[in-house]
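Here is a short briefing on one protein chain. Keep the sequence and the 3D view open as you read.

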Amino acid sequence: MDPSPRAQLPTALVLSLGGTIAMAAQETGRGGVAPRLAAEDLVAAVPEIAEVAVLELRDFRKVPGAWLAIDDIAAVANLLNKQAAAGTTGFVVTQGTDTLEEVAYLLDLLYEGAAPVVVTGAMRNAQMAGADGPANLLAAVRTAVSPQARAMGVLVAFADELHAARHVQKTHSTSPSAFSSPGAGPIGHLVEGQPRFHFTLERSPRVALPLDRRASVEVLEATLGSEGAFLQAAISLDGLVVAAFGAGHVPQTWAPQLGDLASRIPVVLTSRTGAGSVLTGTYDFGPGSETDLLGRGLINGGRLEPRKARLLLLAMLRSGADQAAIQSAFAAHR
């Protein structure tokens with residue numbers, strides 16, 4: 001007897017973490033929405049998914065994206081690593097868009113498998129006209145079981161675009177097309193329901209789990225005329241990321257303090273622009289230029305935007321990496 005068509009379908013694990021895609025009006029009658037829908041509810045809204053894959057559904061968290069923590073994502077990565085080793089074809093993670101770009105990048109650092117991992121969510125909750133969650137979920141599942149998506153690391157599926165975790169950013173607070181990849185563009189699109197890739201990326205070196213050490217890393221943004229009052233507080237941190245002007249510049253009064261900090265903790269120099277690289281020696285106008293700051297011991301963050309540089313530094317510190325390993329990890333992003 002021939003096996004049923006469903007028995008021949010690939011398998012995919014859908015992990016729900018909450019977020020707008022899982023939000024609905026609260027039973028109390030209050031005006032706003034909150035995470036209430038389970039993974040089963042999300043899939044039930046998209047009957048076509050049954051023709052794409054056999055799904056395993058798990059409600060891993062049910063929180064807004066702003067509530068997710070590093071330990072939550074480390075636990076997700078640990079689960080994905082185990083499931084990938086057991087042969088699951090692909091994975092979909094649904095979550096809130098507030099932290100979606102950061103979760104996708106951190107998972108990309110921690111996930112060891114070749115099976116595709118696709119992160120998605122929604123900008124419109126399920127009770128709004130034109131809710132985008134169902135279409136995004138279907139696109140994510142189709143990508144997660146696509147052979148072409150294997151070994152590409154963690155991807156983000158949104159508005160029929162596919163983005164690499166390394167590049168994707170949320171660039172609008174409310175638009176259904178809120179996600180883009182400045183400086184790179186989408187890595188692919190959904191065309192007639194199928195993922196089509198324009199280019200591939202070599203994956204960044206992974207950070208080994210567990211992240212069982214504690215560490216504190218923050219981002220400090222340079223702004224016009226800032227006196228750097230928060231630099232004094234940074235002495236209590238384990239690491240600092242500077243979101244500098246342009247190609248890696250800060251107010252001249254910051255330079256001595258940053259140099260002192262860099263002699264004590266890792267200090268990573270990034271650009272607040274969100275695209276492009278920190279330079280290494282084009283500008284040499286004195287204190288606060290990229291030449292000056294790198295000479296004072298700051299680490300070149302390369303093409304990583306500040307929030308992702310923070311995640312890389314934090315993950316490295318929490319995994320027990322030394323200064324040489326941290327330097328090497330950031331060198332891969334220049």
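A residue is called buried when its relative accessible area is under 20%, and exposed when that area is over 50%. The model shown here is predicted.

**Aromatic pairs**

- A pair of aromatic rings is described by the distance of the centres and the angle of the planes.
- The count of aromatic pairs comes to three.
- One of them joins Phe 91 and Tyr 111. Their ring centres are 6.3 Å apart, with 75 degrees between the planes, and the pair is edge-to-face.
- This pair links distant parts of the chain, 20 residues apart. Phe 91 sits in strand S5 (residues 90–94), while Tyr 111 is in the loop between helix H3 (100–110) and strand S6 (117–120).
- Phe 91 and Tyr 111 are both buried.
- Another pair is formed by Phe 158 and Phe 179. Here the centres are 4.7 Å apart and the planes make 45 degrees, a tilted pair.
- Phe 158 belongs to strand S7 (residues 154–158) and Phe 179 to strand S10 (residues 179–180), so the pair ties together parts that are 21 residues apart in sequence.
- Phe 158 has 2% relative accessibility, so it counts as buried. Phe 179 has 3%, so Phe 179 counts as buried too.

**Helix H5**

- Helix H5 spans residues 255–262. Its buried residues are Ala 255, Leu 258, Gly 259, Leu 261 and Ala 262.
- Look down the axis of H5: the buried residues fall within an arc of 160 degrees, so they line one face of the helix.
- What do the buried residues of H5 pack against? They pack against strand S14 (239–244), strand S15 (267–271) and helix H6 (290–295).

**Ser 146**

- Find Ser 146 in the loop between helix H4 (133–144) and S7.
- Its relative accessibility is 7%, so Ser 146 counts as buried.
- The side chain of Ser 146 makes a polar contact with the side chain of Gln 148, at 3.0 Å.
- Beyond its neighbours within four places in sequence, Ser 146 is in contact with Pro 116 and Pro 195.

**Leu 37**

- Leu 37 lies in the loop between strand S3 (33–35) and helix H1 (39–44).
- Residues up to four places away in sequence are not counted here: Leu 37 touches Ile 21, Ala 22, Met 23, Ala 24, Leu 42, Lys 62 and Ala 126.
- Asp 72 is 35 residues from Leu 37 along the chain, and their C-alpha atoms are separated by 19 Å.

Conventions
Residues are numbered from 1 along each chain as its sequence is written. This is a predicted model: local features need pLDDT of at least 70, side-chain atom pairs count only at pLDDT 80 or more; totals for chains, interfaces and linings use all residues. Side-chain values use heavy atoms; hydrogens and water are left out. Rings of Phe, Tyr and Trp (its six-membered ring) pair if their centres lie within 6.5 Å; planes under 30 degrees apart count as stacked, over 60 as edge-to-face and the rest as tilted. Helices (H or I, at least four residues) and strands (E, at least two) are DSSP runs, numbered from the N terminus. Buried means under 20% relative accessible area, exposed over 50%, partly exposed in between (1.4 Å probe, protein chains only). The arc is that of the directions from the helix axis to the C-beta atoms. Contact means heavy atoms within 4.5 Å. A polar contact is a pair of N or O atoms within 3.5 Å; within protein, one must be able to donate a hydrogen and the other to accept it, and residues adjacent in sequence count only if both atoms are side-chain atoms.
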